[in-house]
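Please keep the sequence and the model at hand while reading.

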Amino acid sequence: MSETELKQQLVERFREVNGDHQMTDADDVYVSAQFVALEELCAVHGRDADAVRQLMLGQRLPLPGYLRSDSAEMVPANLFALADEAGGVELLEAWFTAHWADPITGKAEWNSYLSGQYVCLHSVTPATIQRKDCLTTAISAAANEPDAGSAQWSERLHALVDELDTLEPAFTAYDRLRFGGPTSRDTCIDAMRTRFPRP
């Protein structure tokens with residue numbers, strides 16, 4: 001398959017997963033600051049970009065996080081890190097899913113990872129995925145705790161929010177389109193700080 005055909009297949013797959021939303025100039029600036037073009041990353045790591053595209057299409061590596069307006073496939077700088085840690089792409093799925101005690105949850109997280117939509121984390125690893133889930137669950141439930149509103153409660157809440165803040169990037173308007181609404185930063189960081197300001 002030619003490079004053009006592989007690129008086109010990847011674009012089609014990306015749009016199946018994310019919908020067909022236009023990237024604005026502001027989206028492009030954000031993405032260029034947070035991610036790296038696949039071709040550039042492959043050049044740095046001595047990898048063949050078409051072989052990587054085939055791994056993405058074969059559900060062995062995650063799809064790009066974004067398609068920039070110039071059609072560049074934008075990926076995290078550590079795209080290959082987990083596969084390297086697992087001992088190779090062929091071992092990645094088993095290594096990744098083993099981080100969850102429940103195989104069904106592990107498989108669901110693997111599918112989410114492959115979608116390329118874990119743009120909600122600066123560093124995508126099983127540990128950061130699990131920690132983000134734990135934090136967003138705790139923050140979302142905080143208002144219903146028995147001591148809600150107390151000084152101790154406020155201290156606990158803001159510690160959770162601050163930790164999530166370190167894990168998550170800023171997001172961009174494109175993310176709110178593809179996810180169909182507010183991001184976890186909107187709901188669990190910005191909204192909580194507005195609703196429950198520090199004493």
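In this predicted model, residues 24 or more positions apart account for 68% of those contacts in the protein chain that have a separation of 6 or more. The protein chain holds 11 helices and 3 strands, and in sequence order these elements follow the pattern α-α-β-α-α-β-β-α-α-α-α-α-α-α. The C-alpha trace of the protein chain spans about 60 × 40 × 30 Å along its principal axes, and of its 199 residues 44% count as buried.

L38 is found in helix α3, which covers residues 38-45, and L38 counts as buried because its relative accessible area is 0%. Leaving aside residues up to four places away in sequence, L38 touches A49, V52, R53, M56, E73, V75 and L79. L38 and M74 are 36 residues apart along the chain, yet their C-alpha atoms are separated by 5.9 Å.

One of the residues that L38 touches is R53, and R53 lies in helix α4, residues 49-57. Is this arginine, R53, buried or exposed? With a relative accessible area of 0%, R53 falls under the 20% cut-off and is therefore buried. Again not counting residues up to four places away in sequence, R53 touches E3, L6, K7, L10, L38, E39 and E73.

The axes of α3 and α4 are 9 Å apart and meet at an angle of about 115°, and the crossing of α3 and α4 is right-handed. On the α3 side the contact is made by L38, E39 and C42, and on the α4 side by A49, V52, R53 and M56. Sorted by class, the contact of α3 with α4 has 5 nonpolar and 2 charged residues, with no polar ones.

Helix α8, residues 126-141, packs with helix α11, residues 184-195, at an angle of about 50° and with the axes 11 Å apart.

| Helix pair | Angle | Axis distance | Crossing |
|---|---|---|---|
| α3 and α4 | about 115° | 9 Å | right-handed |

Aromatic rings are the next topic. A search of the whole structure finds 7 aromatic pairs. In one of them, the rings of F96 and W100 have their centres 5.3 Å apart and their planes at 35°, so this pair is tilted. F96 counts as buried because its relative accessibility is 0%, and W100, with a relative accessible area of 12%, is buried as well. The pair of W110 and Y113 is also tilted, with 5.7 Å from centre to centre and 40° between the planes. W110 and Y113 both lie in helix α7, residues 103-114, where they are 3 residues apart, about one turn of the helix, and both W110 and Y113 are buried. Ring pairs link F96, W100, W110 and Y113 into a cluster.

S71 is not a glycine, although its phi is positive, at about 75°, and S71 lies in the loop between β2 (66-67) and β3 (73-75). F171, likewise a residue other than glycine, has a positive phi near 70°. The loop that holds F171 runs between α9 (151-167) and α10 (173-178), and F171 counts as buried because its relative accessible area is 7%.

How values were computed. Residues numbered from 1 in each chain as written. Predicted model: local features only at pLDDT ≥ 70, side-chain atom pairs only at ≥ 80, totals over all residues. Heavy atoms only, no water. Axes fitted to C-alpha atoms, helices over the stretch in contact; angles between N-to-C directions. Helix = DSSP H or I, 4+ residues; strand = E, 2+ residues; numbered from the N terminus. Phe/Tyr/Trp six-rings, centres within 6.5 Å; stacked < 30°, edge-to-face > 60°. Buried < 20%, exposed > 50% of the residue type's maximum accessible area, 1.4 Å probe, protein only. Contact = heavy atoms within 4.5 Å. Left-handed = near helix turned anticlockwise from the far one by under 90°. Nonpolar A, V, L, I, M, F, W, Y, C, P; charged D, E, K, R; others polar.
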